[in-house]
Amino acid sequence: MNYNDENLKNALSSEYVLGTLKGRARVRYQRLLLERSDVRQNVWHWEKHLNTLGESLEAQKPRAEVWQNIQQRLGFIEIQKKTSKPWPTFLLPGAALAATIFFAVILFWPKPEIVEVPTKQIAIVQNAKAEALWLIQIMDDKLHIRATDNVTLHADNDYELWMLAKDGRAPVSLGLLPKTGENNLDRPTLFDQIEIAALAVSLEPLGGSPNGQPTKVLFTTELMML
Amino acid sequence: MDTSQHLQLLSATAQGDRKAFSALYEATSGKLYAVSLQLLQKRDLAEEALQEAYVRIWHNASEYNEQRGSVLAWMISIVRYRALDMLRAAKVRLDYQTHESREDSDTAISASPENNLFERRDRAKIDDCMDHLEKPQSDAITLAYFRGFTHQEVCHHMSTPLGSVKSWIRRGLERLKKCLET
């Protein structure tokens, strides 16, 4: 598919925002959003206009518990013992079945890399020319990383990924980035316990930083959502 | 509350100001909840999507830029994508439909006036362009936007062949694009 065709790009962006682009086509387009700033801007254009429709609805007041729950989830207030059911009981058998189907799909899917896994956040590491180098998808249990063809291949060096906390602590290593292709890194528990200011990529000797600190920081990027 | 106040509150939220975030919630949650309710049609699911949206807004407040539209439109896009994800998780929809008839009236809105809020909405900025569409085109786009209907569901709802629905939506969006450019 030629995504440089403006008409095609517009058609896909508008149906992506509207929600009628679905399934594997939607996942493919989401991946393209990570890679191409022209596609992101096109999607933003449609979000900007179509979502004025949402603004036109009459406001409805949510229950007070919603704000309480948000504050609890963000750690602003202590978690109280839950009295309400988090999920309607009639959905529980369905949830078990959905889990079974999900794992069956994972097992038998011909190309596991296109299985639709919800991504909460992403980061794109770019070089000075704003070319994407690595696409980082933050999953619930791991970080999925894909290197693009723009990564400079050094035979004697590795690239290492770091998280930089807002609290000013020393950078925390997340592991080595792939120079080509894809890999997964563990999502450390700390990832959810601190506020992350940015991710950084450093150039290291083969095998990673010798002293637990970045040797030469090349790029930084912020986490963002789709 | 106007757009510049939303922007001030969001900027302060991005700096970690909880009071500003609380004020932003007060000012915007009604609209986001309305969008979520239209899509999910159940209060508990709509509230779940709303909660997740505000957690994301807190963490990603610094991601906003004016290219993404008004602060409110950006926030709506966050809750809407989350609600669409929930809607597309096929089991939720299937179970909702299967159990609709015996649902607890506390959480279902199927028979309440909140069901189709979009039928009596205010005029949106984009309506100047929506007015230029043929009626079936704007109806199909409206159903897809507010109810999260797929092509198949729009086709079922409007009792029209799938090919026509796809073409209405595609051509409607093309026409919207042209209008928005002028």
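## Chain A at a glance

Among contacts in chain A (heavy atoms within 4.5 Å) between residues at least 6 apart in sequence, 56% join residues at least 24 apart. The model is predicted, so local features need pLDDT of at least 70 and side-chain atom pairs count only at pLDDT 80 or more, while totals for chains, interfaces and linings use all residues. Residues are numbered from 1 along each chain as its sequence is written, chains are lettered from A and ligands numbered from 1 in the order written, and side-chain values use heavy atoms, leaving out hydrogens and water.

Chain A has 7 helices and 8 strands. These are DSSP runs, numbered from the N terminus: helices are H or I with at least four residues, strands are E with at least two. Of its 226 residues, 45% count as buried. Buried means under 20% relative accessible area, exposed over 50%, and partly exposed in between (1.4 Å probe, protein chains only).

## An open sheet

Four strands of chain A form an open sheet in the order β5-β4-β7-β8, with antiparallel pairing. Strands pair if DSSP finds at least two bridges between them. At the edges stand β5 (172–176) and β8 (216–221) of chain A; each has a single partner strand, so one side of each lacks a neighbour in the sheet. From one strand to the next, the twist averages 30°.

Strand β7 (residues 196–205) of chain A pairs with β8(A) over 5 bridges, in the antiparallel sense. Leu199(A) has Thr221(A), in β8(A), as its bridge partner.

## The nonpolar cores

A nonpolar core is a set of buried Ala, Val, Leu, Ile, Met, Phe, Trp, Tyr and Cys residues joined through side-chain atoms within 4.5 Å. The largest one holds 80 residues. Those touching the most other members include Tyr29(A), Leu50(A) and Phe21(B). Helix α4 (residues 71–88) of chain B gives the largest share, 12 residues. A second, separate core has 25 residues, including Leu133(A) and Tyr159(A).

What is Phe21(B) in contact with, leaving aside its neighbours within four places in sequence? Its contacts include Trp67(A), Phe76(A), Tyr54(B) and Trp58(B).

## Where the chains meet

In all, 52 residues of chain A are in contact with 73 residues of chain B. The two chains bury about 6,000 Å² between them, 63% of it on carbon and sulfur atoms. Buried area is the accessible area (1.4 Å probe) that two parts lose on being put together, summed over both. Leu53(A), Leu57(A) and Met225(A) supply 12% of the area that chain A buries against chain B, more than any other three residues.

The interface of chain A and chain B also has 4 salt bridges. A salt bridge is a side-chain nitrogen of Lys or Arg within 4 Å of a carboxyl oxygen of Asp or Glu. Glu47(B) forms one with Arg63(A), with the closest N and O atoms 2.5 Å apart.

Conventions:
Axes fitted to C-alpha atoms, helices over the stretch in contact; angles between N-to-C directions.
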